[in-house]
Amino acid sequence: MRHRFLTSTMLAAALALGAPMASLPVAQAAELPDFVQMVKEVGPAVVNINTTQKVPRLRGMPPGMMPDLPEGHPFNELFRHFFEGIPPGAMPNAKPAQSLGSGFIIERNGIILTNAHVVKDAESINVRLQDKREFPAKVLGIDERSDVAVLKIEAGGLPTVRVADSDRLQVGEWVLAIGSPFGLDFTATQGIVSAIGRNLPDESYVPFIQTDAAVNPGNSGGPLFNPRGEVVGINAQIYSRSGGYMGLSFAIPINTAMQVAEQLRKHGKVTRGWLGVMVQPIDADLAKSFGLDRPRGALVAEVQPDSPAARAGLKSGDVILSFDGQAIDDTAQLPARVGATPVGKKVDVEVLREGKEKTLAVTILALSEDRTQVSAGPGEPQAGPLGLQLQPLDAARRKELGVGHGLVVRSVGEGAAGRAGVRPGDVLLELGGMRLETVADLRQAVDTLGKGRPVALRLLREGSPLFLAIKVE
């Protein structure tokens, strides 16, 4: 095996150089995992998943016949020209769509974990074991937010995986992925953990494990193992410009997946904690403007009315430094930690407010599926400071946006605002903690700014709150 070859090679080199035996890094060589034995042990618990989805026909359209469009539809004559007179059956039916994925058995009675996107909208699901046996599967639950699904096949005495504590995973550890890339059953690939706690766009509730293990379409839902043969994650996504592997693979931590699976099996759905704040990252300039020693924490851009955060006294402009005793070093850490908090639990939230640290007690409630979005509208511009053309919000716009004041940015010229990233359509709310109701308010706020020192500008952009660090030269 490879690690034996490395050991003997280093031994020969050491003897040639006259190095003492005790100085050899034999322990390091011995730590290389035995992938051959690992695959033999864990492989039988990995499954191939094949799903079938029917392609929907146009409304009222039998095979080979003209589609049933509303009376007067402009395409009616066009379709009549091509399809009229063709008997049913003369045109082939649309073939069912098929997809391939992977999964792994967590209980001997046939409970399987996989990705939600592997089995979503499937009309039928077929599971094939490593010994070539095949079973139909039913879905016990799907959670699209975490991309986790639980399946059940009617079988007993099945091989199962051992589950690790993914919170103890470290960057640099060896990992092994097993799945069915491009439909090639039970393929093993290896790599290392490249990063942990990685947050991806639109995936706020999963702190992904990033690896360089080769993962391709068909690997989705398959297990990611540590050197001890324990599952640490579910392979879920790849970053690719070509559709194939490019060295960036992402797995759902098994701790997250098992928590989701437990709720799906017990309740058929997943309930997540809700804090009720919108947060944004903190860059170097914003950190200086809030008095932080370095960029850290999660900047509260907005507190939702009647939310746990509002009831506890959190305010826009607070910087959340820790949540439930865990430091928030990066904004992306907060949503996943809040989501994993049991509903009804009382947690301490440490914030930085006006340069002073403060601890608030927050009782976490359940996250709702409801979402709302508002946007700014047009208006007549007025000349303002910082290179901006501005318009105060009228009563109707304030009601629509859900704010009591603000200035709409109509154009951005040369100046501090443009350099800070202010855009047309932004609604300016506060500068350095001063409310902005009129253009005169902004001029007064600018006059009080320390020249060359970053100051926080609070605004709405496409209905979402945002802070920018603005520096007046």
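Guide: What follows is a conversation about the terms applied to this model and the values behind them.

Visitor: What kind of model is this, and how many helices and strands are there in the protein chain?

Guide: This is a predicted model. The protein chain has 12 helices and 28 strands. Of its 473 residues, 44% are buried.

Visitor: What makes Ile-252 a buried residue?

Guide: The term buried applies under 20% relative accessible area. Ile-252 has a relative accessible area of 0%, and therefore counts as buried. Ile-252 lies in strand E13, which covers residues 249–253.

Visitor: Which residues is Ile-252 in contact with, leaving aside its neighbours within four places in sequence?

Guide: Among them are Asn-115, Ser-146, Val-148, Val-206, Phe-208, Gly-233 and Ala-257. Take Gly-233 as an example: 19 residues separate Gly-233 from Ile-252 in sequence, while their C-alpha atoms are 5.1 Å apart in space.

Visitor: Which residues have the most contacts inside the largest nonpolar core?

Guide: They are Phe-104, Leu-113, Phe-225 and Ile-252, in a core of 28 residues. Helix H6, residues 254–267, gives the most to this core, contributing 5 residues. Another core, of 24 residues, lies apart from it and includes Leu-390, Ala-420, Leu-457 and Ile-470. As a general matter, nonpolar side chains in soluble globular proteins tend to be buried together.

Visitor: What is noted about the phi of Asp-121?

Guide: Its phi is near 60°, a positive value in a residue other than glycine. In general, most residues other than glycine have a negative phi. Phe-186 is also not a glycine, and has a positive phi of about 50°. Phe-186 is found in the loop between strand E8 (174–179) and strand E9 (187–200).

Visitor: How do you know that strands E4 and E5 pair?

Guide: Pairing requires at least two bridges between the strands. E4 (residues 124–128) and E5 (residues 134–143) are joined by 3 bridges, so they pair; they run antiparallel. Arg-128 stands opposite Glu-134 in E5. The two strands form a hairpin with 5 residues between them, and Lys-132 in the turn has a positive phi of about 80°.

Visitor: Why are the buried residues of helix H12 said to line one face of the helix?

Guide: In H12 (residues 439–447), Val-439, Leu-442, Ala-445 and Val-446 are buried. Viewed down the axis of H12, the buried residues fall within an arc of 120°, so they line one face.

Visitor: How many aromatic pairs does the structure hold, and what makes the pair of Phe-208 and Phe-250 edge-to-face?

Guide: The structure holds 3 aromatic pairs. In one of them, the ring centres of Phe-208 and Phe-250 are 6.4 Å apart and the planes are at 75°. Phe-208 lies in strand E10 (residues 203–211) and Phe-250 in strand E13, so the pair ties together parts 42 residues apart in sequence. Both Phe-208 and Phe-250 are buried.

Visitor: Why is the pair of Phe-290 and Phe-467 called edge-to-face?

Guide: Their ring centres are 5.7 Å apart and their planes at 75°, so this pair is edge-to-face. Phe-290 lies in the loop between helix H7 (284–289) and strand E16 (298–303), and Phe-467 in strand E28 (residues 464–470), so the pair ties together parts 177 residues apart in sequence. Phe-290 and Phe-467 are both buried.

Terms used: Residues numbered from 1 in each chain as written. Predicted model: local features only at pLDDT ≥ 70, side-chain atom pairs only at ≥ 80, totals over all residues. Heavy atoms only, no water. Core = buried A, V, L, I, M, F, W, Y, C linked by side-chain atoms within 4.5 Å. Buried < 20%, exposed > 50% of the residue type's maximum accessible area, 1.4 Å probe, protein only. Helix = DSSP H or I, 4+ residues; strand = E, 2+ residues; numbered from the N terminus. Contact = heavy atoms within 4.5 Å. Arc of directions from axis to C-beta. Phe/Tyr/Trp six-rings, centres within 6.5 Å; stacked < 30°, edge-to-face > 60°.
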